[in-house]
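Me: Hi! Could you take a look at this one with me? I'll paste it below.

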Amino acid sequence: MAREMMFAEAIATAIGEEMHRDSSVVFYGQNMAMTDRDPFVKKFGKSRVRITPISETAELGIAVGAALTGLRPIVELYMSEFMLVAFDQVINEAPRLRYMSGGQVKVPVVFKAGFGFAAGWAGQHSNCIYHAMMGIPGLKIAIPSTAADAKGLMASAIRDDNPVVYLHHYMLTLDKGEVPDGELLIPFGVAEVKRPGKDVTIVATAWMVKKTLAAAELLAKEGISAEVIDPRTLAPLDVKTIVESVRKTGRLVLVDQAPRHASAAIVIAGEIAEQGFKRLKAPVKMVTALDTSIPYSEPLERYVLPSEEKIVQSVKSVLAAQAAAV
Amino acid sequence: MPVPATEALGKDRLVWMYMQMVRIREFEERVKRTFVEHPGVIRGHAHLADGAEASIVGALATRQENDLVMPSYRCHGYPIVLGTSTRALMAEIYTRKDGLCKGFGGSMHLADPAHHFPGTTGIVAAGIAHAAGAALTAQVKQTGQVVYSFFGDGSTKQGAFYETLNLAAVWKLPVVFILENNEYQAYTHIRLEDANYIAGDPLSQKAKAFSIPGATVDGTDPLRVYEEVGQAAERARAGEGPSLIESKFYRLSPHGNAITVPPVPTQFQEHEAVEVYGNKAEYAEGKAKDPIPKFRAHLTSNGTFTDADAKKIEDAARAEMEDVVQFALASPLPTPEDAIKYVYA
C-alpha cells in the first residue's frame, strides 16, 4: 500500500518509524520539541526528543560523541549553512574517528539540513555546499528529489553505521508524491533513472530533478528523448549507472544548483571524462549556478540559477555539437 | 563531609595510584627518549603528560567500573591507567601494525573502547563535545555511567567549550569537566590569553557562566584531585549535572616534539618557559612541583610503603616500558594496502 504525502511529511514519517523501531535513535535541534504537544515528544518522550540552544558545535559534537557510544542521533539543522559554524564536527570529526581508530569505533549520526532555498533567502541561507563534503571519505550524503526517496533515504541514513549528511531541498517541502507504507529502505549509492530516454543523459539532484523532468517533457514535444538520472546520494556516488546511460546516449548534461566549481556536476564530469570519454559524441555540458553568491531579488536569483529554459538550451546545444576528431 | 582521600582509598589503592603515576612517567620518558635513540621512529607530533600524573590518576581513581574517559590529544596517560596494553600503545606511537589503532591514528588519535576509552581528537576542544555526547548516551540509556572529560586550559578559549558546558548544564548530563591548567596553550603562556588569569581569578570561575559548581584544586596532589573529582562524579551520577574542576599543575615537557620538516630530525627541546620566554626560574619552580617525588615522600612518610617498596614499583615500571619499547620496535609496519580499510563501517 502507498499513500500520497508531502516531501516533509515523508521525512518525518521515516524518522518516526525508525524511532519506533530502535530506541537508540534520538532526535534534537533548535526550535523543535518546544512543548509537550510536539508530536515527537508525545510519542517518544523528552529524553529522546530535545530542543537545543543555537549551539551548532555542541549539537553536532554531542551527536558525534553520542554516536560513538551507542546512540543514533539525528540533528535537525534547518539550513545546511549552519553546519559551517560547526564544520569541524562534520568534516574533521565524525568521518575521521573510525578511520583513526583503525576500525574500532563507528559514528552512526545523521546531520539533517535544508538547502537550496531559492525563495529570497539571499546570500547566506540558499546555498549548495555539498561539494565540500563529497571529498571527505567516511562521510555519506543523501539528497532526495521525491517524497518516496525522502522517506527511504532517511530510513537508510538512520540505519547506516556511518555519518550521513541528509539534505532536504526546501523548494520540495510541499511537493506531494506516492510513498509506500511501512519499511522503505533506499540503498545508498544506487541512482535511479527518473525518466528513460535515448538521445541524451541528464543527471540532476533534488529540486533540479524536478526542473529537469519538466525540461525533458518540453524536449519530448520536439522529439528529443532525454534520460534523467538522479544519483540520490552524492557519497557514495553511483557513477556506473551514469556511465551506462552515456554509453547508450553518447551525450551528457549535468544540472546542478551549486556554482560550477562547487558542484557535484564537476565531479561527475571528471568521472565521465575518465570512464566514458570514448562513448561521448559531444562535450559534456554543465548547467550550474553562475559563480556568484545567491542574490536577494527574484530576477537576480532567477538569472543565477539553472532553469528549465537553460536545461532545454543546453540539451539542444549538446545534440547539435559534433564529436571532436574521430 | 566527605571522607578524606587517604582513609577512603586504603593502602592498596594508594600504592596502586603511585604505581600508575610512575608507569605514566616512565612511558612518557620512553616516548621522549625515542626521538634521540631511534630518530624517525615516531612521526608527526607527540604530546606528553609528564607533570599531569597526579591529576590523571587522582581523577581516574574515582571511576566506577563502566565510566568513560575522553581526554584531548595529550592522551597517553589515561589509557595506561585504564588497563590498555602499553605495548599496543607504544606500537601505535611507533606507527606499527600491532598498534592500538593499527598505525592509523598515532599519538594524538588513540582509541580503546574495550577499556572505556572511546577515542580522542587532535582538534582542540572538539572532544569536550564528544564527552558530553557520551554522557548523553549514558543519560538516555540510563546506564549510570559518568563521563570524565579532560582538556587543557587552551581549550577553554574555544567555542566548543562554552557551547558544550551550557548544553551539558541545561540537560544535566552526567559528565565531569576536568580543566587541566598547565599554564600553556601550546607555546603561549596563559598570561597572554586568558581573561580570568589576567584578572587574577581561577579558571574555574568559568563555571559561573553556566551556573554549575566550579572548583580549583592542586593538581600535583592526587588525593586532593581525588576528593574534588570524586564529589563531582557523585553529583553527576546522582543526576545533578556537570561540574568544572580546574586542576593546576605544570607541564614538565614542552608542548610536543619540535615541528620540523623531514628529513630534519625532530626531538623534544627545552620547555617553552626557557626556549621561548627565557624564564629559567619559572621552569625550576614548575619542576619543584613534580607530583611524583611529592607523592612518594607523602606515602613513605605516612607509612603506606617503604622506600624499598617504592623502588620496586619504579623498577617494575622501567622493566615494563623497556619491554614495551622492544615490542614496538620489533612490530612490523602496516601493510600499505590496508590504508583503504576502515573508511566506512
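Me: What share of the contacts in chain A with a separation of 6 or more comes from residues 24 or more positions apart?
Reply: It's 78% of them, where a contact means two C-beta atoms, placed from the backbone, within 7 Å. Keep in mind that this is a predicted model: local features need pLDDT of at least 70, side-chain atom pairs count only at pLDDT 80 or more, and totals for chains, interfaces and linings use all residues. Residues are numbered from 1 along each chain as its sequence is written, while chains are lettered from A and ligands numbered from 1 in the order in which they are written.

Me: Thanks! And how many of the 326 residues of chain A count as buried?
Reply: That would be 55%. Buried means 20 or more other C-beta atoms within 10 Å of the residue's own, exposed means 12 or fewer, and partly exposed is in between, with C-beta atoms placed from the backbone.

Me: How many helices and strands does chain A have?
Reply: There are 14 helices and 14 strands in chain A, taken as DSSP runs numbered from the N terminus (helices are H or I with at least four residues, strands E with at least two).

Me: Now helices. How do H1 and H9 of chain A cross?
Reply: The axes of H1(A), residues 7–21, and H9(A), residues 147–159, come within 8 Å and cross at roughly 30°. Those axes are lines fitted to C-alpha atoms over the stretch in contact, with angles from 0 to 180 degrees between N-to-C directions.

Me: Which residues make the contact?
Reply: Among them are Phe7(A), Ile11(A) and Glu18(A) of H1(A), and Lys151(A), Met154(A) and Ile158(A) of H9(A). By class, that contact has 11 nonpolar, 1 polar and 3 charged residues. Nonpolar covers Ala, Val, Leu, Ile, Met, Phe, Trp, Tyr, Cys and Pro, charged covers Asp, Glu, Lys and Arg, and the others, Gly among them, are polar.

Me: Switching to the backbone: where is the peptide bond from Ala235(A) to Pro236(A), cis or trans?
Reply: That bond is cis, with omega near 0°. Pro236(A) sits in the loop between strand E12 (233–235) and helix H11 (239–249) of chain A. In chain B, the bond from Pro262(B) to Pro263(B) is cis too, with omega near 10°.

Me: What about phi of Arg232(A)?
Reply: Phi there is near 70°, a positive value in a residue other than glycine. Most residues other than glycine have a negative phi, and most peptide bonds are trans.

Me: Is Arg232(A) buried or exposed?
Reply: Arg232(A) is buried, with 27 other C-beta atoms within 10 Å.
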